[in-house]
2 protein chains.
Amino acid sequence: MKRKGILIVVSGFSGAGKGTLMKKLMETYDNYALSISMTTRQPRQGETDGKEYFFVTEEAFLQKVSQEGLIEYAQYCGNYYGTPRAYVEKQLEAGKDVILEIEIQGALKVKERFPDTLLLFVMPPSAAELEKRLRGRGTETEENISKRLQRAKEEAEGIENYDFIVINDNLESCTEQMHSIICAAHYTPDRNAEFICDIRKELEEGMKRSGM
Amino acid sequence: MKRKGILIVVSGFSGAGKGTLMKKLMETYDNYALSISMTTRQPRQGETDGKEYFFVTEEAFLQKVSQEGLIEYAQYCGNYYGTPRAYVEKQLEAGKDVILEIEIQGALKVKERFPDTLLLFVMPPSAAELEKRLRGRGTETEENISKRLQRAKEEAEGIENYDFIVINDNLESCTEQMHSIICAAHYTPDRNAEFICDIRKELEEGMKRSGM
């Protein structure tokens, strides 16, 4: 039975540790491919084109949109963000589980278009821990922290739309937990329709052979 | 966060290896409790009351039914089979994941009554392998094998009602797979409604403290 790749969307509060978690997941297991988003925002210091994002002009971005070259896109804080289609399709075809790290609106758009998508929501063990982590970065202004907490509150409204939550209290165990969830998802009946159909056919033929 | 037990129904073709799989699962992990069914059928050689089944008279069985002491019950080949309620509730309360090994009609009844139930369907890697295993037992007549294959064909019609399939090609990996699926099931949003609600409240309070 050829294993087909699953499309996975990972969302979660800013500060819940998605970035570190994705990195650890990629390092630990070899069945994943991480999709790189395209954006019109300026690269931050230390960011490289093609690594964190593909950095493009607004013109180039909108051209991609018109060519249906993006699975989903959204505007956020005045910049465009989108998921290039070609890479995702190629990796799924090759049997990889492809991870998109996008926010809730994008997640729901992807799920609508590809109902088979697995939606995961990364959560901190508590709101207090989330605030602590945001402050711990040392790079955020008070205003920004407030904005992010406000946004977390908004995003929290959508958690029920996700298939699973992932509680990031410890990097190792959280990575394992996430991997377990994705492995399990490979065994839903709808993701094994072909196998189930084959068994049914075989049973049918077995019955005929026995003259039943 | 207190871990609540999940009610799990395991079904599958006769000959798919459910019994061995359950035994291995119990031996390997300590978060499970296996429910023992009550039946009016006669014990087979080697079967002990309270181990494979609780063997009771039809009168005792029907009394249990009238007292709502069974979660579900069904008649199969002229005998009654049912799941005693008290044991299940006690184990769930203690945080154990409780496994019922019952056939599809019973499974659907349990799911209707307890929508949170996780339904797992154990399958052989192929129909040919299933037939081979049934013959391999050496205890089944040709007529019985035909009957069981016929029944497998009927049960196969209901697979889409199950949450996950478990493919029993190798005992060790299948046991792990099943355990992974059950662990993952603990992380659906509806099984963590309390935790999600707490985080929301905390975020709300955090906002208020910051005077937003």
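Colleague: Does A:Asp116 count as buried, partly exposed or exposed?

Modeller: Please bear in mind that this is a predicted model. The class follows from relative accessible area, with buried meaning under 20% and exposed over 50%. A:Asp116 has 38% relative accessibility and therefore counts as partly exposed.

Colleague: With which residue does A:Asp116 meet in a salt bridge?

Modeller: The general idea is that side chains of opposite charge can pair when their charged atoms come close. In this case the partner is A:Arg191, at 3.2 Å from N to O. A:Asp116 belongs to the loop between helix 4 (104–113) and strand 8 (118–123) of chain A, and A:Arg191 to the loop between helix 7 and helix 8 of chain A, so the pair ties together parts that are 75 residues apart in sequence. A:Arg191 is partly exposed, at 22% relative accessibility.

Colleague: Which residue does B:Arg191 pair with in chain B?

Modeller: B:Arg191 forms a salt bridge with B:Asp116, and the closest N and O atoms are 3.2 Å apart. Here too the pair ties together parts that are 75 residues apart in sequence, because B:Arg191 lies in the loop between helix 7 (171–185) and helix 8 (193–209) of chain B and B:Asp116 in the loop between helix 4 (104–113) and strand 8 (118–123) of chain B.

Colleague: How far apart in helix 5 of chain B are B:Lys132 and B:Glu129?

Modeller: They are three residues apart, so about one helical turn separates them. Their side chains meet in a salt bridge of 3.7 Å, N to O. B:Lys132 is exposed at 58% relative accessibility, whereas B:Glu129 is partly exposed at 22%. Over all chains, the structure holds 20 salt bridges.

Colleague: How many salt bridges are there between chain A and chain B?

Modeller: There are two. One salt bridge links A:Glu160 with B:Arg200, whose closest N and O atoms are 2.7 Å apart.

Colleague: Which elements of chain A supply at least two residues each to the side that touches chain B?

Modeller: They are helix 5 (127–136), helix 6 (142–156), strand 9 (164–167), helix 7 (171–185) and helix 8 (193–209) of chain A. Helix 8 of chain A gives the largest share, nine residues.

Colleague: What is the area buried between chain A and chain B?

Modeller: The area is about 3800 Å², and carbon and sulfur atoms give 72% of it. A:Tyr187, A:Arg200 and A:Leu203 supply 17% of the area that chain A buries against chain B, more than any other three residues. In residue terms, 45 residues of chain A are in contact with 45 residues of chain B.

Colleague: Which residues of chain B does A:Ala184 touch?

Modeller: A:Ala184 touches B:Phe164, B:Ser180, B:Ile181 and B:Ala184. A:Ala184 is in helix 7 of chain A and counts as buried, at 1% relative accessibility.

Colleague: Where does A:Thr188 lie?

Modeller: A:Thr188 is in the loop between helix 7 and helix 8 of chain A, and at 11% relative accessibility A:Thr188 counts as buried. The side chain of A:Thr188 makes a 2.8 Å polar contact with that of A:Asp190.

Colleague: How many disulfides does a search of the whole structure find?

Modeller: The search finds zero. For A:Cys183, the nearest cysteine sulfur is that of B:Cys183, 12 Å away, whereas a disulfide requires sulfur atoms within 2.5 Å.

Conventions:
Residues are numbered from 1 along each chain as its sequence is written. Chains are lettered from A and ligands numbered from 1 in the order in which they are written. This is a predicted model: local features need pLDDT of at least 70, side-chain atom pairs count only at pLDDT 80 or more; totals for chains, interfaces and linings use all residues. Side-chain values use heavy atoms; hydrogens and water are left out. Contact means heavy atoms within 4.5 Å. Buried area is the accessible area (1.4 Å probe) that two parts lose on being put together, summed over both. A salt bridge is a side-chain nitrogen of Lys or Arg within 4 Å of a carboxyl oxygen of Asp or Glu. Helices (H or I, at least four residues) and strands (E, at least two) are DSSP runs, numbered from the N terminus. Buried means under 20% relative accessible area, exposed over 50%, partly exposed in between (1.4 Å probe, protein chains only). A polar contact is a pair of N or O atoms within 3.5 Å; within protein, one must be able to donate a hydrogen and the other to accept it, and residues adjacent in sequence count only if both atoms are side-chain atoms. Lists of a residue's contacts leave out its neighbours within four places in sequence.
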